[in-house]
Amino acid sequence: MSSQKNVVFDVVGTCFTFSAFFATIEAQIGEKLRGQCVHPQAFGYAWMEAAEREYAYLSMSKRYQPFLDVFDAIFYRTLWFCGINEPRTFASDEDKATLIASYHNLEPRDGLHEAVQKLRDAGFTVWCLTTGDVGRVRGYFLRNGIEMPEENFVSCDQGQLAKPALEAYQRVLAKFNEGDELWFAAAHSWDVSAAKAAG
């Protein structure tokens, strides 16, 4: 059997930016946050990072929850830690829903379409390994005119195990044959180093 060339991408933060999410925070509650001396982008970053930590720790303790469920659950807590004393009167459930909905509309990094096409033209099969659900993350590509077959996605939800657990990467590795050329691409060094450690 001839060897195949494969590249596995992390998606959120690597292929797609958070600019739409930050812009929605600015539009929805930005003025109110500034009134409390909280920069809207700093709040958004704190919220995402805290959610990533909770998500990973729940996975490590065998209590896996999908990322957006965790993201939803810690919205008001993040506001409180940013110094908002009454977070549930400061922001509403409707505000929270609008901000989370914006996470479904992340925008591609410059050159993503061209990069995927160049890889395909060079004989690579492009894969995605994501902490997000396949429907949402695949939608990022499709809405921006980049075809990405559903069978080329692996979500941590499927194995209920978050990156950077090595087993999360090994679920993708199981799809390939011995001797295949394998690459992993991510903007985050922890992600790349874990993928390398997983093989």
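Cysteine 37 counts as exposed, at 77% relative accessibility; here exposed means over 50% relative accessible area, buried means under 20%, and partly exposed lies in between, using a 1.4 Å probe and protein chains only. The model is predicted, so local features need pLDDT of at least 70 and side-chain atom pairs count only at pLDDT 80 or more, while totals for chains, interfaces and linings use all residues. Residues are numbered from 1 along each chain as its sequence is written, and side-chain values use heavy atoms, with hydrogens and water left out.

Cysteine 15, in contrast, is buried, with a relative accessible area of 2%. What do these cysteines bond to? A disulfide is a covalent bond between the sulfur atoms of two cysteines.

The strands come next. Helices (H or I, at least four residues) and strands (E, at least two) are DSSP runs, numbered from the N terminus. Strand β1 spans residues 5–9, and four of its five residues are buried. Two strands are said to pair if DSSP finds at least two bridges between them. Strand β1 runs parallel to β4, with five bridges joining them, and five bridges also join β1 to strand β6 (residues 181–185), again in parallel. Valine 7 shows both pairings: its bridge partner is valine 126 in β4 and tryptophan 183 in β6. Lysine 5 has phenylalanine 124 as its bridge partner in β4.

Strand β4 (residues 124–130) is mostly covered too, with six of its seven residues buried. Its pairing with strand β5 (residues 153–155) is parallel and uses three bridges; in β5, valine 154 is the bridge partner of leucine 129. Between β4 and β5 the chain passes through helix α8 (residues 134–143), forming a right-handed β-α-β crossover. Right-handed means that, with the strands pointing away from the viewer, the path from the first strand over the helix to the second runs clockwise.

Where does the nonpolar side of the interior gather? A nonpolar core is a set of buried Ala, Val, Leu, Ile, Met, Phe, Trp, Tyr and Cys residues joined through side-chain atoms within 4.5 Å. The largest such core holds 51 residues, and Phe21, Phe43, Trp47, Phe71, Leu79, Tyr103 and Phe141 touch the most other members. Helix α2 gives the most to this core, with six residues. Apart from it lies another core, of 11 residues, including Leu129, Phe184, Ala195 and Ala198.

Contact means heavy atoms within 4.5 Å. Leaving out residues up to four places away in sequence, phenylalanine 21 touches Gly44, Trp47, Met48, Phe71, Leu99, Ser102, Tyr103 and Leu106. Serine 59 sits in helix α2 and is buried, at 4% relative accessibility. With the sequence neighbours up to four places away again set aside, serine 59 touches Tyr64, Gln160, Leu161 and Ala162.

An α-helix has 3.6 residues a turn, so residues three or four places apart point the same way. In helix α6 (residues 93–102), the buried residues are Asp95, Lys96, Leu99, Ile100 and Ser102. They cover an arc of only 155° around the axis, which puts them on the same side of α6; the arc is that of the directions from the helix axis to the C-beta atoms. Their cover includes α1 (19–35), α2 (40–60), α3 (67–73) and α4 (75–81).

In helix α11 (residues 189–198), Asp191, Ala194, Ala195 and Ala198 are buried. Seen down the axis, the buried residues of α11 fall within an arc of 100°, so they line one face of the helix. These buried residues pack against α10 (166–173) and β6, whereas Ser189, Lys196 and Ala197, on the other side of α11, are exposed. Glycine 199 follows α11 and has a positive phi, near 115°. Glycine 199 is exposed, with a relative accessible area of 66%.
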